[in-house]
Amino acid sequence: QVQLVESGGGLVQAGGSLRLSCAASGRTFSMNTMGWFRQAPGKDREFVADSNWNGGTIRYTDSVKGRFTISRDNANNTVYLQMNSLKPEDTAVYYCAAAQAGRAYYYWGQGTQVTVSL
């Protein structure tokens, strides 16, 4: 089992920044890919960004490229999402997720709310 706990969400004005953290515990050695997803009210959950174990393969959804940065601290089993130039459309619950290499995301955190005001 792997447990994921997100933190760092909150209310910020448009143009501001937030850094989300996701602390993993349990059988973390089995996890290769760590990622972030988000779900806005009335919408499906969508992919935001992910990283393989050493950061050699990183992906972003187009709407956050150039504004968000995913990073990992494997020594502390933590993944971060630095979010800059936030927009109201970034408002959502942000979820951390983990997967074994080549497999679908299996472990999910409880989510942290990000609200961007005008």
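Predicted model: local features only at pLDDT ≥ 70, side-chain atom pairs only at ≥ 80, totals over all residues.
Biologist: Why is Gln82 called partly exposed?

Modeller: Gln82 has a relative accessibility of 27%, and since buried means under 20% and exposed means over 50%, Gln82 counts as partly exposed.

Biologist: Where is Gln82 found, and with which residues is Gln82 in contact beyond its neighbours in sequence?

Modeller: Gln82 is found in strand β8, which covers residues 78-83. Once its neighbours within four places in sequence are left aside, Gln82 is in contact with Ser17, Leu18, Arg19, Arg67, Phe68 and Thr69.

Biologist: What makes the pair of Gln82 and Asn84 a polar contact?

Modeller: The side chains of Gln82 and Asn84 are joined at 2.9 Å, and because the cut-off for such a pair of N or O atoms is within 3.5 Å, the pair is listed as a polar contact.

Biologist: Which residues touch the most other members of the largest nonpolar core, and which elements give residues to this core?

Modeller: This core has 27 residues, of which Leu4, Trp36, Leu81, Met83 and Tyr94 touch the most other members. The elements that give two or more residues to the core are β1 (2-7), β3 (18-26), β4 (33-39), β5 (46-51), β7 (68-73), β8, β9 (92-99) and β11 (112-117). In soluble globular proteins, nonpolar side chains tend to be buried together. Taking Met83 from that group, and leaving aside its neighbours within four places in sequence, one finds Met83 in contact with Gly16, Ser17, Leu18, Leu20, Arg67, Phe68, Tyr94 and Val114.

Biologist: How do you know that Cys22 and Cys96 form a disulfide?

Modeller: Their sulfur atoms are 2.0 Å apart, and because a disulfide needs two cysteine sulfur atoms within 2.5 Å, the pair of Cys22 and Cys96 qualifies as a disulfide. By this rule the count comes to 1 disulfide. The angle about the S-S bond is -80 degrees, and the link of Cys22 and Cys96 is left-handed.

Biologist: Which parts does this pair tie together, and are the two cysteines buried or exposed?

Modeller: Cys22 lies in strand β3 and Cys96 lies in strand β9, so the pair ties together parts that are 74 residues apart in sequence. Cys22 has a relative accessibility of 0% and therefore counts as buried, and Cys96, also at 0%, counts as buried as well.

Biologist: What makes Glu46 and Arg38 a salt bridge?

Modeller: The side chains of Glu46 and Arg38 meet at 2.6 Å, N to O, and because the cut-off is within 4 Å, they are counted as a salt bridge. Glu46 is partly exposed, with a relative accessible area of 33%, whereas Arg38, at 5% relative accessibility, counts as buried.

Biologist: How many salt bridges does the structure hold, and which others can you describe?

Modeller: The structure holds 5 salt bridges, and among them is that of Arg59 and Asp50, whose side chains meet at 2.6 Å, N to O. Arg59 counts as partly exposed at 46% relative accessibility, while Asp50 is buried, with a relative accessible area of 4%. Lys65 forms a salt bridge with Asp62, the closest N and O atoms being 3.0 Å apart; Lys65 counts as partly exposed at 49%, and Asp62 counts as exposed at 62%. Salt bridges that share partners also join Arg38, Glu46, Arg67 and Asp90 into one network.

Biologist: Why is β9 said to be largely enclosed by the rest of the structure?

Modeller: Of the 8 residues of β9, 7 are buried, so β9 is largely enclosed by the rest of the structure.

Biologist: How do you know that β9 pairs with strand β10?

Modeller: β9 and β10 (residues 107-108) are joined over 2 bridges in the antiparallel sense, and because at least two bridges are required, they count as a pair. Ala98, for example, has Tyr107 in β10 as its bridge partner. β4 and β9 run antiparallel and are joined by 7 bridges, with Val93 in β9 as the bridge partner of Gln39. β9 and β11, which run antiparallel, are joined by 3 bridges, and the bridge partner of Tyr94 in β11 is Thr112.

Technical notes. Residues numbered from 1 in each chain as written. Heavy atoms only, no water. Helix = DSSP H or I, 4+ residues; strand = E, 2+ residues; numbered from the N terminus. Buried < 20%, exposed > 50% of the residue type's maximum accessible area, 1.4 Å probe, protein only. Contact = heavy atoms within 4.5 Å. Polar contact = N/O pair within 3.5 Å; in protein donor to acceptor, adjacent residues only side chain to side chain. Core = buried A, V, L, I, M, F, W, Y, C linked by side-chain atoms within 4.5 Å.
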